[in-house]
Amino acid sequence: MREALDSGHISGDGAFTKKCHALLREALGSAGVLLTTSCTHALEMAALLLDLSPGDEVVIPSFTFVSTANAFALHGARPVFVDVRPDTLNLDERLLEKAISPRTRAVVPVHYAGVGCAMDAILEIAGRHGVMVIEDNAHGLFGSYRGRPLGSFGRLSTLSFHETKNFNCGEGGALVLNDESLLERAEIVREKGTNRSRFFRGQVDKYTWVDLGSSFLPSDLLAAYLFAQLEAREAVIAKRRAIFEFYAGALGAWAREHGVRLPVVPAECGPSFHMFHVLLPSLRVRQALIGHLKAAGILAVFHYQPLHLSPMGAKFGGKKGDCPVTEDVSDRLLRLPFYNDLSAKELERVASALLAFSGW
Ligand SMILES: *Cc1c(COP(=O)(O)O)cnc(C)c1O
């Protein structure tokens, strides 16, 4: 960050932004990467690149963060919610085909907790219907599916560098382009609808307003903050893997005894170790466990509420019973403390508090 300040360039697209772009492009094997101010904004850029018309539909899982739907709805699409698989809590590929209509423009799979969706089936179905695949990879950076990086499957994918994610700069994100032909327009959309990027490369002699866009560039100060973490990616992932493996080992017998489900990672998935969640037998038990942990000074929190049942989801026609798995798991899911600096002692404390719980 000092280097960025000393260079006199702290607006967007400075030296550190370019370093982040190169590192991510290489890691994901993509045609282009553009840092953005958030994953939400990267999703909005994807929506702008789709040239949505009123009535167009975008298929998304109901069990996700608001932005996955809102970014497309803001630009005129109708979100169509599909349920998730009971094991990975990822978009259920068996329900995808019947969610697709002649108005469907895109499907947005979310790699929940950094465990890959069934991308082979999703790509096959979307491809057959001429529907663009846009991966919301907010959780899954450096995870893999069948040996390929998450975020490299869709024509577009998005990343989040929000403080709550594995790699962060407070607020930030990226749009990943796996299709060279979308790159020039994406640069324009990100630069307020101008061809400023071409101007800086000397490809045009002045820059001007050529399309619709907005201001999606983060400061190079934030890119510098982010780049240091990306450079340490192996150490970060190793720490997170160790936390995940500790919980899985310490809680296996406890989970079997009490009918608790630990995270499911299919053999073809290399997770990014974004979180560790448990599925309790009921809402009542989950709430009691949250209270029990809180009394021991441990914060454990639930996660997404079904989007199709939210006030906005209902405006788009969502109603109870549409996504039964989402409705069920959102009541029973609990996330355990999970951050890079969690010590062995603290992990032991969380595990013993869980084992001491008696409110079944
Ligand atoms: C965090 C998150 C987002 C939004 O990321 P921001 O960078 O905060 O905009 C979008 N989708 C999913 C699945 C997320 O977890």
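A disulfide is counted where a pair of cysteine sulfur atoms lies within 2.5 Å. By this criterion the structure, a predicted model, holds zero disulfides. The sulfur of C20 is 7.9 Å from the closest cysteine sulfur, that of C169, which is too far for a bond. C20 is buried, with a relative accessible area of 0%; buried stands for under 20% relative accessible area, exposed for over 50%, and partly exposed for values in between, with a 1.4 Å probe and protein chains only. For C269, the closest cysteine sulfur belongs to C117 at 8.5 Å, again too far for a bond. C269 also counts as buried, at 8% relative accessibility.

Residues are numbered from 1 along each chain as its sequence is written. Local features of the predicted model need pLDDT of at least 70, side-chain atom pairs count only at pLDDT 80 or more, totals for chains, interfaces and linings use all residues, and side-chain values use heavy atoms, with hydrogens and water left out.

The secondary structure of the protein consists of 14 helices and twelve strands, taken as DSSP runs numbered from the N terminus (helices H or I, at least four residues; strands E, at least two). The radius of gyration is 21 Å, which agrees with the value near 21 Å for a compact globule of 360 residues; the radius is taken over C-alpha atoms, and the globule rule is 2.2 Å times the number of residues to the power 0.38. Along the principal axes, the C-alpha atoms fill a box of roughly 70 × 50 × 35 Å.

Of the 360 residues, 53% are buried. Among contacts (heavy atoms within 4.5 Å) with a separation of 6 or more, 68% are between residues 24 or more positions apart. The accessible surface comes to about 15600 Å², and carbon and sulfur atoms hold 55% of this area, as given by the Shrake-Rupley method with a 1.4 Å probe; for residues, only the protein chains shown count as cover.

Helix α7, residues 183–190, is mostly covered, with six of its eight residues buried. These buried residues are L183, A186, E187, I188, V189 and R190. Their packing partners are the helices α2 (15–28), α3 (39–49) and α8 (196–200), together with the strands β1 (32–36) and β9 (173–177). Just after α7, K192 takes a positive phi of about 60 degrees.
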